[in-house]
Amino acid sequence: MQAFAIVIGAGIVGLATGYELSKRHENVFVLEREARYGMHASSRNSGVVHSGVYYSSSNLPWKAGMCVQGNRMIYELPMDDVAYKRSGKLIVAQDGEERELEILKAQGEENGVEGLEIIDGKDVAKKEPLVKARAGLWVPSAGMINPDEFMKYYARRLGNSVLCGREVESIDFMKSGFWLRVRAGGRIENVTARYVINVAGAGADTVLKRMNVTGDLPEQHFCEGVYYDVPEITISMPVYPVHDQGSGGLGIHAIPDTSGRLRLGPNTIWVSRENAFDYQHPADADPAVSETMKQEFFESVHLFLPSLSYEGLRPGTVGVRAKLQEKGEPPKDFLSYIINNTNGVGKMISLLGIESPGLTAAPALAKDIADLIYAWEN
Ligand SMILES: Cc1cc2nc3c(=O)[nH]c(=O)nc-3n(C[C@H](O)[C@H](O)[C@H](O)COP(=O)(O)OP(=O)(O)OC[C@H]3O[C@@H](n4cnc5c(N)ncnc54)[C@H](O)[C@@H]3O)c2cc1C
């Protein structure tokens, strides 16, 4: 197969990128190693359309910019067939935590997030009657989206250009671009492409290592996030506690999905690459761990959602974040790693560390990549 561009990985970033590229070029294909698209991080997340308050513009400028831009793009896309809601969200503070809200508000405003407002406990309860807090940051541009339908939006438009059951095993340079060896079941397919976009999520650093290049290549680290379902309570918008920025997550939050189903999570459990993808809920794996974890979830959320009952928590899904920082290190920005074909034409772009807000940022990341390739070609 001869392609103009090959996108490796059919998560939300790969599907959005494939679509953006196919609007401007022919022969764009998305290769996915699983039997279906979107089986990893893109379907195992909170489904929150983030606003951009969490990312400092000095340390995490690309995350901040892509999140704010992606948020706007999601609401502007003609997505009649996707369930999403610009519900707004609350970040809530208990006694002594109010200052954290000021910091997030200032950071968000610097990033261009509009409509942020600090409100007192009474106004928090007006917006979300089951929530109890000393104060809250009202974030009107945040919302919820159904991640599976969001992926389907792009996959439908790409049609037969999404090829599942195709694992990229090696990539080599050639004069007219790149030569990829792709495993498709029991056989190997040879594919050539002028551009390769490696958006293989947690597998993106492994894909890079499958290329014949020397030097220090970026390495990803893995942080699992576990959810509990709460069938008996409904709220109308995501509610987050203020959290420790170095924890690896955003604090255990309460998130309704677009159909009103409430979930709690995700927590942060650093795991090795080998243990990262079995997705077994710890409550099903080990009854001892399970009680401690359920207690941790209950206590974190009961603080701001007092009607929550311990008995009401049911084990839910598990997702894995691909991060560039290791446990204990401050958050790192998304990374774009570009390899020029020094033998001839073409480039390979790899995106690494595409953790949250990657779902929100996907349309913006995709447009950035398509603009870059357009600029190289013209
Ligand atoms: C617990 C959790 C909660 C989150 N919550 C939110 C949220 O509320 N809002 C938000 O904006 N973001 C959130 N995120 C982040 C968001 O889900 C991710 O940033 C996003 O889904 C990443 O998409 P992706 O396409 O890069 O990766 P993935 O969805 O992981 O897709 C990568 C694909 O590449 C494929 N692949 C790997 N290697 C190969 C190969 N060699 N050949 C072919 N295919 C390959 C994989 O099979 C996979 O399908 C959350 C993430 C997690 C884990």
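Where is glutamate 20 placed? Glutamate 20 sits in helix α1, where helices are DSSP runs of H or I with at least four residues, strands are E runs of at least two, and both are numbered from the N terminus.

## Basis of the model

The model is predicted; local features need pLDDT of at least 70, side-chain atom pairs count only at pLDDT 80 or more, and totals for chains, interfaces and linings use all residues. Residue numbers start from 1 along each chain as its sequence is written.

## Overall build

The protein has nine helices and 20 strands. Its C-alpha trace spans about 65 × 45 × 40 Å along the principal axes. The radius of gyration is 21 Å, which agrees with the value near 21 Å for a compact globule of 378 residues; this radius is taken over C-alpha atoms, and the globule rule is 2.2 Å times the number of residues to the power 0.38.

Of the 378 residues, 48% are buried. A residue is buried if 20 or more other C-beta atoms lie within 10 Å of its own, exposed if 12 or fewer, and partly exposed in between, with C-beta atoms placed from the backbone. Two residues are in contact if their C-beta atoms, placed from the backbone, lie within 7 Å. Among contacts with a separation of 6 or more, 73% join residues 24 or more positions apart.

## Helix α1 and glutamate 20

Helix α1 covers residues 12-22. It is mostly covered, with eleven of its eleven residues buried. Ile12, Leu15, Tyr19 and Leu21 are among the buried residues of α1, and Gly14, Gly18 and Ser22 are also included.

Glutamate 20 has 23 other C-beta atoms within 10 Å and is therefore buried. Leaving aside residues up to four places away in sequence, glutamate 20 touches Ala366, Lys367 and Ala370. Its C-alpha atom is separated by 9.8 Å from that of leucine 158, which is 138 residues away along the chain.

## Packing of α1 with α5

Two packed helices are described by the angle between their axes and the distance between the axes. For α1 and α5 (residues 147-158), the angle is about 30 degrees and the axes are 9 Å apart. Axes are lines fitted to C-alpha atoms, for helices over the stretch in contact, and angles run from 0 to 180 degrees between N-to-C directions. The two helices are therefore roughly parallel to each other; angles under 35 degrees count as roughly parallel, over 145 as roughly antiparallel, 65 to 115 as roughly perpendicular and the rest as oblique.

The crossing of α1 with α5 is left-handed, a term used if the near helix is turned anticlockwise from the far one by less than a right angle, with right-handed used if clockwise. On the α1 side, the residues in this contact are Ile12, Leu15, Ala16, Gly18, Tyr19 and Ser22, and they meet Pro147, Phe150, Met151, Tyr154, Ala155, Arg157 and Leu158 of α5. By class, this contact has ten nonpolar, two polar and one charged residues. Ala, Val, Leu, Ile, Met, Phe, Trp, Tyr, Cys and Pro count as nonpolar, Asp, Glu, Lys and Arg as charged, and the others, Gly among them, as polar.

## Packing of α1 with α9

The axes of α1 and α9 cross at roughly 35 degrees and come within 8 Å. This crossing is right-handed. The α1 residues involved include Val13, Thr17 and Glu20, and the α9 residues they and others meet include Leu359, Lys367 and Ile373. The contact has 13 nonpolar, two polar and two charged residues.

## Backbone features in loops

Two cis peptide bonds can be described. One joins glycine 265 and proline 266, with omega about -10 degrees; proline 266 lies in the loop between β16 (262-265) and β17 (269-271). Another runs from serine 356 to proline 357, with omega near 15 degrees, and proline 357 is in the loop between β20 (347-352) and α9 (358-377).

Asparagine 27, a residue other than glycine, has a positive phi near 60 degrees. It belongs to the loop between α1 and β2 (28-31), and it is partly exposed, with 15 other C-beta atoms within 10 Å. Tyrosine 279 also has a positive phi, of about 55 degrees, although it is not a glycine. Tyrosine 279 is in the loop between β17 and α7 (282-285) and counts as partly exposed, with 14 C-beta neighbours inside 10 Å. The C-alpha atoms of tyrosine 279 and valine 320 are separated by 8.2 Å, while the residues are 41 apart along the chain.
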